[in-house]
Amino acid sequence: MSSPEPGPAASPTPRSPGAGPGGTHGPDDSLAEFGYQATLERSIGRFASFAAGVSYISILTGTFQLFYFGFGSGGPAYWWSWPMVFAGQLMVALCFAELAGRYPVAGSVYNWSKQLAPQGVSWLAGWMMFTASVVTLAAVALAMQVTLPQIWSGFQLWGDGTGDYDFGVSAVLWGAILILGTTLVNAFGVKLMSRINSTGVFIELIAAIVIVVVLAVNTVNPPTVLFETAGYGADAPGGYAGAFLLAAIASAYVMYGFDTASSLGEETVDPRRTAPTAILRAVVASFVIGGLILLFGILAARDLSDPALGESSGGLQLIILQVLGGPLGIVFLGAIVVAILVCSLAVHTAAIRLMFAMARDNALPGGTSLARIHPRFRTPVLPAVLIGAGSVLILVLNIGTPEIFTAVTSVAIIMIYLAYLLVTVPMLVQRLRGRWPGPAAAHSGYFSLGRLGLPVNVLAVLWGAAMAVNLAWPRADVYGEGVLRFVAFLFIGAVAALGLLWYGLRGRHRIGTLPEHAARLDPAAGQG
């Protein structure tokens, strides 16, 4: 049997009293009931919690980064993939909202699965979510290249943008610069991160609403264009249905990461009530505002047959510049850059909290070092650095891939969907066994789906599984030709296999709360 990290023996990671499926908790936010002592700074309020979820989803980043792909694959009718993805992800968000009220602990997906499933399943959920977060950070950072050169040609850092690899190389350079910034901000503590994030989200929401209004008053196409396939999918397998499912990747890329509001639970004031509301508000707000941007963007396009709308150098950014003109359009593209910045910051922050949560349970190699909290900044610094370095490495390894945007983003989305399934599937199993949410749930005072829980949970699982298959399908348009078409299966399979190999040979024998993070029992509690 393998020994734990050097130092005092790790104690088993306990379920909190009544914290198993169907359990309830007291009104306080003490971590002692989960077996932990508080080491992070609790300073995040309601808006900051909401902002964390919104910034991860990032309406402007997502809609502007992959609009070209959605439109180029499915034409104007691709817009309908937006409400389709929202309906599916809302089912997942409702399940997560129930969990967020019960378990307001860092590393949401990992700790939620830990309460619902065997140790191996919860570890895999955390591992997949963590690696997905690193890939997602790389994917979001790529969005800088989609927008910056349209503001000023000097932002094309490599070549003139016409070479086969000019776009990809410049994207990697901008991505590395951005990730360096998010690493430094996260290393200086949650207060700085929260202030920057909340300010950025405020700017993003105002800009998004103004964009909706401006596009709405400049529409030139009738709403009927949303029902026209315009020849898209004529040569695609499955006809337009196949093209539509391909285009849906653009919408799927936006609406995930809403669990971030709960991942910061240990740093949020009154998280049991704040986190569930923040999760649902983030999803709904993103659906409404993002959907309107896409809708009026399509209706305001000067020429729907312009091939530039389906190219990364054009897309929704081109429509904004055409409608608003040069100077004003550039101002709004600047707001999109702000959105990309705070989105990257939120993704990096969530990944840090997840790595910390797993390390605190000694569930990662080098857990003691990874879970160490900086005495001044009250944040885990080493995870911030390692995650940043890992994301940059992913960018560098993909620097010669022309389909770098769609390949990296698709793999990131699939891994997130799989991690979510490792929560919703065990949750469904517990419901069918009558163990979740339990008889006391209705009187707990926290968010509960009540009788709707079972159908919502079933739909969440079916949606997650179907969309994961759709995203991973080996399409040349997404991943490239040859062996690259199977990169999703190869990369995710390798990540899962390597992780499970470590877990099986070493990890499962050493998992348990590290002594320096374990809750300290009150001596007086055992007297009398």
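## Helix α13 and its partners

The crossing of α2 and α13 is left-handed. This is a predicted model. Helix α2 covers residues 59–74 and helix α13 residues 326–360; their axes come within 8 Å and cross at roughly 110 degrees. Angles of 65 to 115 degrees count as roughly perpendicular, and α2 is therefore described as roughly perpendicular to α13. On the α2 side, the contact is made by Leu60, Thr61 and Phe64. These residues meet Ala335, Ile336, Ala339, Ile340 and Cys343 of α13. By class, the contact of α2 with α13 has seven nonpolar residues, one polar residue and no charged ones.

Helix α8 also packs on α13: the two axes cross at roughly 140 degrees and come within 9 Å. At that angle α8 is oblique to α13. The crossing of α8 and α13 is left-handed. From α8, the residues involved are Val190, Met193, Ile196, Asn197, Gly200, Val201, Ile203, Glu204, Ala207, Val210 and Ile211. Their counterparts in α13 are Phe332, Ala335, Val338, Ala339, Val342, Leu345, Ala346, Thr349 and Arg353. The contact of α8 with α13 divides into 15 nonpolar, three polar and two charged residues.

## Helices α5 and α19

Two packed helices are described by the angle between their axes and the distance between the axes. For helix α5 (residues 119–141) and α19, the angle is about 135 degrees and the axes are 10 Å apart. The pair is therefore oblique, and the crossing of α5 and α19 is right-handed. Helix α5 contributes Gln119, Gly120, Trp123, Leu124, Trp127, Met128, Thr131 and Val135 to the contact. Helix α19 contributes Phe491, Ile492, Val495, Ala496, Gly499, Leu500, Trp502 and Tyr503. Sorted by class, the contact of α5 with α19 has twelve nonpolar and four polar residues, and no charged ones.

Leu500 belongs to helix α19, which spans residues 487–505. Is Leu500 buried, partly exposed or exposed? Its relative accessibility is 37%, so Leu500 counts as partly exposed. Leaving aside residues up to four places away in sequence, Leu500 touches Trp123 and Leu124. Leu500 and Trp123 are 377 residues apart in sequence, yet their C-alpha atoms are 8.9 Å apart in space.

Glu98 sits in helix α3 (residues 81–102). With a relative accessible area of 2%, Glu98 is buried. The side chain of Glu98 makes a polar contact of 3.1 Å with the side chain of Trp436. Beyond residues up to four places away in sequence, Glu98 touches Met427, Arg431, Trp436, Pro437, Phe447, Ser448, Leu449 and Gly450.

Two of these neighbours, Trp436 and Pro437, are joined by a cis peptide bond, with omega about 0 degrees. Pro437 lies in the loop between α16 (404–432) and α17 (453–472).

## Two positive phi angles

Most residues other than glycine have a negative phi, and most peptide bonds are trans. Ala230 is not a glycine, but its phi is positive, at about 50 degrees. Ala230 is located in the loop between α8 (190–216) and α9 (240–252). Its relative accessible area is 57%, so Ala230 is exposed.

Asn362 is not a glycine either, and has a positive phi of about 60 degrees. Asn362 is part of the loop between α13 and α14 (367–370). Is Asn362 buried or exposed? Asn362 counts as buried, because its relative accessibility is 0%.

## Gln150 in helix α6

Gln150 is placed in helix α6 (residues 143–151). Residues under 20% relative accessible area count as buried; Gln150, at 17% relative accessibility, therefore counts as buried. What does the side chain of Gln150 reach? The side chain of Gln150 reaches the backbone oxygen of Gly314 at 3.4 Å.

Apart from residues up to four places away in sequence, Gln150 touches Ser312, Ser313, Gly314, Gln317, Leu318, Leu321 and Leu333.

Notes
Residues are numbered from 1 along each chain as its sequence is written. This is a predicted model: local features need pLDDT of at least 70, side-chain atom pairs count only at pLDDT 80 or more; totals for chains, interfaces and linings use all residues. Side-chain values use heavy atoms; hydrogens and water are left out. Helices (H or I, at least four residues) and strands (E, at least two) are DSSP runs, numbered from the N terminus. Buried means under 20% relative accessible area, exposed over 50%, partly exposed in between (1.4 Å probe, protein chains only). A polar contact is a pair of N or O atoms within 3.5 Å; within protein, one must be able to donate a hydrogen and the other to accept it, and residues adjacent in sequence count only if both atoms are side-chain atoms. Contact means heavy atoms within 4.5 Å. Axes are lines fitted to C-alpha atoms, for helices over the stretch in contact, and angles run from 0 to 180 degrees between N-to-C directions. Angles under 35 degrees count as roughly parallel, over 145 as roughly antiparallel, 65 to 115 as roughly perpendicular and the rest as oblique. A crossing is left-handed if the near helix is turned anticlockwise from the far one by less than a right angle, and right-handed if clockwise. Ala, Val, Leu, Ile, Met, Phe, Trp, Tyr, Cys and Pro count as nonpolar, Asp, Glu, Lys and Arg as charged, and the others, Gly among them, as polar.
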